[in-house]
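Please examine the model shown below. This briefing then sets out selected computed features, grouped by topic.

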Amino acid sequence: MSIVLSRRSASPLMKRCFPFLHWLPTITRDDIKADVVAGLTGAIIVLPQGVAYAMIAGMPAEYGLYTCIVPAVIAALFGSSHHLISGATAALSVIVFTTVSQFATPGSPLFIQLALTLTLCAGLVQLLMGLMRFGAVVNFVSHSVVLGFTAGAAVVIAISQLKHLLGIHIESGSTAIENLTLTLQALSQSDAKSMAIGAVTIFSCVVIKRLWVKGPNMLCAMVIATLLALVLGDVALVGAMPSSLPHFSLPAADVVTIEQMGMGILAVALLGLVEAISIARSVAMKSGQLIESNQEFIGQGLSNIVGAFFSCYVSSGSFTRSGVNFTSGARTPCAAIFAALFLTIILLFFAPYAAYIPIAGMAGILFVVAYNLIDATHIRDILENDKKEALVLVATFIAALVLHLELSIYVGMLISLFFYLRKTSCPTLEYIDPLSFNIPTDIAREAAVIRINGSIFYGSCQHLQRSLQTCSAKHVFILGRGINFIDYSGAQMLAEWVNRQKQQIYFCNFKVKPIQVLQSAGFAKTFGNTVFYRNVREALYVVVNDKKAPKNECSVESGRVTTAML
């Protein structure tokens, strides 16, 4: 039995503005039951994660839980995925810390305000990208960049938590390498109780996960660590956490500070979108749902904008929570809303108990989180099978350790872009044996059939011009099936080449758009009367008979091109 919200269906405009109107009227009682169970499971799973991620971000513990409540609801209502759960993530928490800690002391009121400002600005960037339909932009962040960044973030997290695991007190450095150096220099200050609690926490997480695969291993490990801390005594604790709902907060509007955080804002916005889309698509492959990238951008942007005013720092899709949500039987985005509701209840009634959680125990949980972030299988595959992508991955990983974490994304993207431009700027020219087209032997001796595999644009003009000039055949057949587009510079290069050559040049198998560019007003003098043949055999008819092809054989008719297989 469906739950009917209104007798009148929403208009198409309303559905575009409020995408939840598509699925909300179709929910059944069985869906609600399944979503309640999935939501309760998700709330239990996220409890230790929210506190741990807040520690990574340099925020008070309750802010991690706030970030798993408000953004989850907004992203569920305005996103496109039925199973994606948004909230605090490890990678984004690290970027928040490395970006904002340059301007304020972690945990201070100024730090919190700047973190909220970072969240608001990142959300605005994401929303703008969604409204401008830039969903395809995430495709420019290659999988190797994401793997390298995630592995680097995992090491950064582990190094940042070493001091808590060892029980030493040192200032945080600006990079992972600096943090590691400071930690090693202070090893003599290590506290045995903290080390014992951290080790027991890690051991408990691993063992419980193996014995109880679907159980809340981190929550159980956190309880064990808390009990051990009470027995040992005299160890650093997380401290009291207020039993309150996410409260109204006002991000700073300091233009100078926003400009200084500009690189971090863009990195957070882009990484958040990459995480969300990647996770949504991964789950959708199992559920069979189609994901709309632009709508997901809008959902993530709105979740961060609204969250910034309710004490939430940057959020994105959570792989762990989304995976648990799907495997727990969630059917609609209502599961995310129920998870947020249950987490709110837990926060109101059980928050005081967080005061007894040992910091060393949280550090142990974060070590497990960091380990799980490293996708060893895919990293090994790339390192063994693709040298270029391996270089991108390694460079991104190293940059994450020696630079600010947010900069490593740009390093990886620039290297990926370099290889892409290098490849596209050198399209291959494939010389095909003329005899394979049944060209008479006497003509074949003086003919060259060249297939251009790649688009002709400003970046490839020099390479193509140099390659084409080496051809000295009397009859040159240019096959354009592999040319998707030609820009102005490419058309100009071809026009100059045609005008300089003394050979007979025949253009075959060209697509509609390249022909339209070549026959535009700017190049009509060269290509205005050029016949674009459907295939080499049609052009051969002209060569053999030494006359023009019949008009009805022309490849361009009423703006359409008919092509034939070679």
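Leaving aside its neighbours within four places in sequence, Q300 is in contact (heavy atoms within 4.5 Å) with A75, L84, S86, Q126, L273, A276, S315, S316 and G317. The model is predicted: local features need pLDDT of at least 70, side-chain atom pairs count only at pLDDT 80 or more, and totals for chains, interfaces and linings use all residues. Residues are numbered from 1 along each chain as its sequence is written, and side-chain values use heavy atoms, with hydrogens and water left out.

**Overall chain**

- The protein chain has 26 helices and nine strands; helices (H or I, at least four residues) and strands (E, at least two) are DSSP runs, numbered from the N terminus.
- The C-alpha trace of the protein chain spans about 100 × 70 × 50 Å along its principal axes.
- Of the 566 residues in the protein chain, 51% count as buried, where buried means under 20% relative accessible area, exposed means over 50%, and partly exposed lies in between (1.4 Å probe, protein chains only).
- Among contacts in the protein chain between residues at least 6 apart in sequence, 80% join residues at least 24 apart.

- Q300 has its place in helix 14 (residues 293-308).
- With a relative accessible area of 1%, Q300 is buried.
- L518 lies in helix 24 (residues 512-518) and is buried, with a relative accessible area of 0%.
- Not counting residues up to four places away in sequence, L518 touches I486, A491, L494, F510, F523, F527 and F532.
- A separation of 8.0 Å is found between the C-alpha atoms of L518 and G528, which are 10 residues apart along the chain.

**Packing of helix 8 and helix 9**

- Helix 8 (residues 143-166) and helix 9 (residues 176-185) pack at an angle of about 20 degrees, and their axes are 9 Å apart. That angle makes helix 8 roughly parallel to helix 9.
- Axes are lines fitted to C-alpha atoms, for helices over the stretch in contact, and angles run from 0 to 180 degrees between N-to-C directions. Angles under 35 degrees count as roughly parallel, over 145 as roughly antiparallel, 65 to 115 as roughly perpendicular and the rest as oblique.
- On the helix 8 side, V156, I159, L162 and L166 meet A176, N179, L180 and T183 of helix 9.
- By class, this contact of helix 8 with helix 9 has six nonpolar, two polar and no charged residues. Ala, Val, Leu, Ile, Met, Phe, Trp, Tyr, Cys and Pro count as nonpolar, Asp, Glu, Lys and Arg as charged, and the others, Gly among them, as polar.

- Five strands form an open sheet in the order 3-4-5-6-7, with mixed pairing; two strands pair if DSSP finds at least two bridges between them.
- Its edge strands are strand 3 (428-432) and strand 7 (532-533), each of which pairs on one side only.
- Helix 26 (residues 536-545) packs on the sheet and touches strand 4, strand 5 (475-479), strand 6 (504-508) and strand 7. The direction of helix 26 makes about 160 degrees with that of strand 5.
- Strand 3 pairs with strand 4 (residues 447-453) in the antiparallel sense over five bridges. The bridge partner of T428 is N453 in strand 4, and that of I432 is V449 in strand 4.
- Strand 4 and strand 5 pair in the parallel sense, also over five bridges; A447 has H475 in strand 5 as its bridge partner.
- Strand 4 is largely enclosed by the rest of the structure, because five of its seven residues are buried.

**Loop residues with positive phi**

- Most residues other than glycine have a negative phi.
- R133 has a positive phi, near 60 degrees. The place of R133 is in the loop between helix 7 (109-131) and helix 8, and at 57% relative accessibility R133 counts as exposed.
- D234 has a positive phi, near 55 degrees. The place of D234 is in the loop between helix 11 (217-232) and helix 12 (255-260), and at 73% relative accessibility D234 counts as exposed.
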